[in-house]
Amino acid sequence: MFNYTDFHDVFPTGVHHPYDRKLQHDIEAHRKNVEGLLFIDRVLRALGISKAKAYPPKTENALRQLHQQICDAGMSMHHKFSLLYYILLDFDDANKDAFVSGSFASLSGMPANYQLFMKGLWHMDREEFTRAVEYVAHPSLEPDFADDIIITLIKRAPDQDFSLALSYFYSVQPILKTPVALELLFDAMARTNVTQALLYSRTHPQHTREQLFRRWISRVLDNGRREDLSSRTSELAFMPFDNLEETWFEEYLTVGEGRNLKKAKDTLLIRKIACDRFSDVARIRPSGQWASVLEGIKGGTEGQTD
């Protein structure tokens, strides 16, 4: 009969021990890439195993010690199985013909959703992010470690392509708990889809919403790509704002930190024109590329007055 406290019931005799120098080096490299903390480190810590770098177990004796720690820990059976299952995924990878994790899951009765989540975290730790999201975004799962998943996906995004992080967020719809995760997510939205970012800002309480709105303007006008600055300026200026947003928009670009942004004046000017605020436009001193336009508007408004 299967007994998870029996080392050889979990780690069958004859199966190759995966933690050779190469895998140890690869795991440490992945850990370094994500600022020193893998997801398995987070799970171990959350479940009460706080020994620094308990994973990976470098020898069979270290593996036995980690197995015993998991068995003795004051955590639920499913959580113990989850930790053992994660380790067994390393055995699967090193023993291509042996599906050790699947056998363990079957014999232990480990729930499928725990398998999905741990497999997703395993792929996150291997920096196989596309595969990881297929698992961690599964609809049967709770959004555990959502902040950390989003932070990792955004920070490790290649060439400012945040599609994977955003796909995860839109699929799972987690409530983010940390300012870092919220700011990174919002910046990714603003640089990917201006409208979606504005709509997301409106889902927050007014104080947070105002902060996000100002951040939104900044990220849209200053995203590091000069070639499409004009189109982003126009897109921003023609957005449908409510009264609060209209006030925040003008304050930020006239007296707030946004006044120093490139195209701040142009964006504000286009906004006034788009909103038919020609009397405000006529009071602006003509200069640069807008001089002829402003003179025309000024002449038109004066003609109406006459």
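What should the 13 residues of helix 2 span at 1.5 Å a residue? The views below take up this point for a predicted model, in which local features need pLDDT of at least 70, side-chain atom pairs count only at pLDDT 80 or more, and totals for chains, interfaces and linings use all residues. Residues are numbered from 1 along each chain as its sequence is written, and side-chain values use heavy atoms, with hydrogens and water left out.

**View 1. The span of helix 2 (residues 21-33).** Helices are DSSP runs of H or I with at least four residues, numbered from the N terminus. After helix 2 comes Glu-35, whose phi is positive, near 60°.

View 2. Leu-23, Gln-24, Ile-27, His-30 and Arg-31 are its buried residues (buried: under 20% relative accessible area; exposed: over 50%; partly exposed: in between; 1.4 Å probe, protein chains only). They lie on the same side of helix 2 because they cover an arc of only 125° around the axis, the arc being that of the directions from the helix axis to the C-beta atoms. The face turned away from this buried side carries the exposed residues Arg-21, Lys-22, His-25 and Lys-32.

View 3. Leu-63, Leu-66, His-67, Ile-70 and Cys-71 are the buried residues of helix 4. Their arc is only 140° around the axis, which puts them on the same side of helix 4. They pack against helix 1 (7-10) and helix 5 (77-94), where contact means heavy atoms within 4.5 Å.

Technical notes
Helix = DSSP H or I, 4+ residues; strand = E, 2+ residues; numbered from the N terminus. Expected span 1.5 Å × (residues − 1).
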